[in-house]
Amino acid sequence: KDPVVLNFTAGLPFNVVVNAVDTFWIVTSSSNPATVVVGTSDSFATPPGSRPLASGTTTFSAILVTAGVQTFTASGAGTANTSTNITIHPGTADRMLVVLPGETRVQGKYQSAPLGKSGSPMNLLAGQTLQATVYGVDAFYNTDTADNTDKIWVSLSSDTYAIKPSSQILVSGVTTFSLTPVTAGSQVVRSTSAMVNPTYITGLFTVNPDTVTPNTQRLQIVLP
């Protein structure tokens, strides 16, 4: 085969042709009806599966969902073979993803919670700075690195007394906000935008009273 640069978009189908060949890479049409199995390095995509050869060839329809470099591997009818590298590009951002401390970004993770990431938000003390990283993502939670226009608003929606930061515009599909919760209890980060899916709310995390920082404890008088 001729070397080519292979580029596809996450979620869009394309064909994968598998041939049974001899040592000179000539299709052996007599390889029939041996079954070929095709897998992929994309752990969040459904593998193309298995098909019988017909006159030494068969065609699979494949959909990959994780942005980055991926490959296919064919086996089952002769020596296994791995494809050349395929670059999967993200689709257009239509939603947001907020990643908090304690969570890790995972592109392509679109079927199991927490979508687009792993882990859970860390608890923190009132007055501590919380870094909330907002991504513009496609339907498969890949970062749309071409997104430099969407404006994002972020707040601690359950914390009445926390200062709400100014809006920010995504740069290469990402931006980070610094938030300071001041009210003890269960909190979430809420982000909004003008995207097709305009709202994102994180999982719960706990804000605890600050009993650690020296000289912060004081007395309060409450009158009738």
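**View 1. Pro 33 sits in the loop between β2 (14-19) and β3 (35-40).** This is a predicted model. The peptide bond that joins Asn 32 and Pro 33 is cis. Its omega is about 5°. Most peptide bonds are trans.

**View 2. Trp 25 and Ile 26 belong to the loop between β2 and β3.** Trp 25 is not a glycine, yet its phi is positive, about 65°. Most residues other than glycine have a negative phi. Is Trp 25 buried or exposed? Trp 25 is exposed, with a relative accessible area of 64%. The cut-off for exposed is over 50%, so Trp 25 qualifies. Now turn to Ile 26. Setting aside neighbours within four places in sequence, Ile 26 is in contact with Ala 20 and Val 21. Gln 168 is another matter. Ile 26 and Gln 168 are 142 residues apart along the chain. Their C-alpha atoms are separated by 57 Å.

**View 3. Strand β5 (residues 57-62) has one covered face and one uncovered face.** In a regular strand the side chains alternate between the two faces of the sheet. Which residues of β5 make up the covered face? They are Thr 58, Phe 60 and Ala 62. Thr 57, Thr 59 and Ser 61 form the uncovered face. Strand β5 pairs with β2. The two strands are antiparallel, and the pairing runs over six bridges.

**View 4. Four strands form an open sheet.** The order is β4-β3-β7-β8, and the pairing is antiparallel. Which strands are at the edges? The edge strands are β4 (49-52) and β8 (81-82). Each of the two pairs on one side only. Next, follow β7 (residues 72-75) to β8. Two bridges join these strands, which run antiparallel. Thr 73 has Thr 82 in β8 as its bridge partner.

**View 5. Strand β10 (residues 95-99) is mostly covered.** How many of its five residues are buried? The count is five of five. Arg 95, Leu 97 and Val 99 point one way from β10. Met 96 and Val 98 point the other way. Residues on both sides are buried. Strand β14 (residues 130-137) pairs with β10 through five bridges. The two strands run antiparallel. Met 96 has Gly 136 in β14 as its bridge partner.

**View 6. Pro 114 lies in the loop between β11 (103-105) and β12 (117-119).** Here is another proline to inspect. The peptide bond from Ala 113 to Pro 114 is cis. Its omega is near -5°.

**View 7. Pro 121 is in the loop between β12 and β13 (124-125).** Is Pro 121 buried or exposed? Pro 121 counts as buried, at 15% relative accessibility. Buried means under 20%, so Pro 121 passes the cut-off. What does Pro 121 touch, not counting residues up to four places away in sequence? It touches Leu 100, Pro 101 and Glu 103, together with Gly 203, Leu 204 and Phe 205. Compare Ala 80, 41 residues from Pro 121 along the chain. The C-alpha atoms of Pro 121 and Ala 80 are separated by 42 Å.

**View 8. Ser 172 has a positive phi of about 55°.** Ser 172 is not a glycine. It is found in the loop between β16 (168-169) and β17 (174-179). Ser 172 counts as partly exposed, at 37% relative accessibility.

**View 9. The protein chain has zero helices and 21 strands.** This view steps back to the whole chain. The C-alpha atoms fill a box of roughly 95 × 30 × 25 Å along the principal axes. The radius of gyration is 25 Å, whereas a compact globule of 224 residues would have one near 17 Å. Buried residues make up 37% of the 224 residues. Residues 24 or more positions apart account for 62% of them. The chain exposes about 12700 Å², and carbon and sulfur atoms supply 55% of that area. There are 10 positive and 11 negative side chains. The centres of the two sets lie 7 Å apart.

How values were computed
Residues are numbered from 1 along each chain as its sequence is written. This is a predicted model: local features need pLDDT of at least 70, side-chain atom pairs count only at pLDDT 80 or more; totals for chains, interfaces and linings use all residues. Side-chain values use heavy atoms; hydrogens and water are left out. The radius of gyration is taken over C-alpha atoms; the globule rule is 2.2 Å times the number of residues to the power 0.38. Buried means under 20% relative accessible area, exposed over 50%, partly exposed in between (1.4 Å probe, protein chains only). Contact means heavy atoms within 4.5 Å. Accessible areas come from the Shrake-Rupley method with a 1.4 Å probe; for residues, only the protein chains shown count as cover. Lys and Arg count as positive and Asp and Glu as negative; His and the chain ends are not counted. The place of a charge is taken as NZ of Lys, CZ of Arg, CG of Asp or CD of Glu. Two strands pair if DSSP finds at least two bridges between them.
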